[in-house]
Amino acid sequence: MEIDVTEKTFFNPGDLVIVKHDIDNKPVMFVVEKATRSLYNKETNVKENIFLGVKCRWFDKNQVMHEDVFSPKDLVHYGK
């Protein structure tokens with residue numbers, strides 16, 4: 001019996017990341033925070049947090065700041 005071992009990657013605020021997919025002009029981004037959404041379960045009266053992704057910021061060629069949420073599966077650490 002084989003166990004598939006996958007390495008988990010964690011991102012902390014301030015980490016430099018890039019998108020792992022092969023696209024043109026991949027920006028180097030910095031991690032701002034973990035993005036979550038809170039839902040209130042009416043049946044159990046419990047507030048549940050759902051993980052949405054990692055919020056990142058970057059600047060384009062014109063020095064305009066952008067911000068978006070990415071899945072951690074789509075990001076890799078920059079310079080490692």
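The lining of the largest pocket comes out as 9 nonpolar, 6 charged and 2 polar residues. Before I go on, this is a predicted model.

Staying with the pocket: the lining has 17 residues in total. Nearest the centre of the pocket are Lys8, Thr9, Phe10, Phe11 and Pro72. The space inside the pocket is about 430 Å³.

Now to the strands, starting with β2 and β3. Strand β2 takes in residues 29-41 and strand β3 residues 46-59. The two pair in the antiparallel sense, with 11 bridges between them. The connection is a hairpin, with 4 residues between β2 and β3. In that turn, Asn45 has a positive phi, about 55°.

Strand β3 also pairs with β4, which is residues 65-70. That pairing is antiparallel too, over 6 bridges. Here the residue to look at is Val54, whose bridge partner in β4 is Phe70. Again we have a hairpin, and 5 residues lie between β3 and β4. Which residue in this turn has a positive phi? That is Gln63, at about 60°.

Key:
Residues are numbered from 1 along each chain as its sequence is written. This is a predicted model: local features need pLDDT of at least 70, side-chain atom pairs count only at pLDDT 80 or more; totals for chains, interfaces and linings use all residues. Side-chain values use heavy atoms; hydrogens and water are left out. Two strands pair if DSSP finds at least two bridges between them. On a 1 Å grid over the protein atoms alone, a cavity is a set of points where a 1.4 Å probe fits but cannot get out, and a pocket is an open set with protein on both sides within 12 Å along at least five of seven lines; lining residues have an atom within 4 Å of a point. Grid points are joined across faces, edges and corners, and a volume is the space filled by probe spheres set on the points. Ala, Val, Leu, Ile, Met, Phe, Trp, Tyr, Cys and Pro count as nonpolar, Asp, Glu, Lys and Arg as charged, and the others, Gly among them, as polar.
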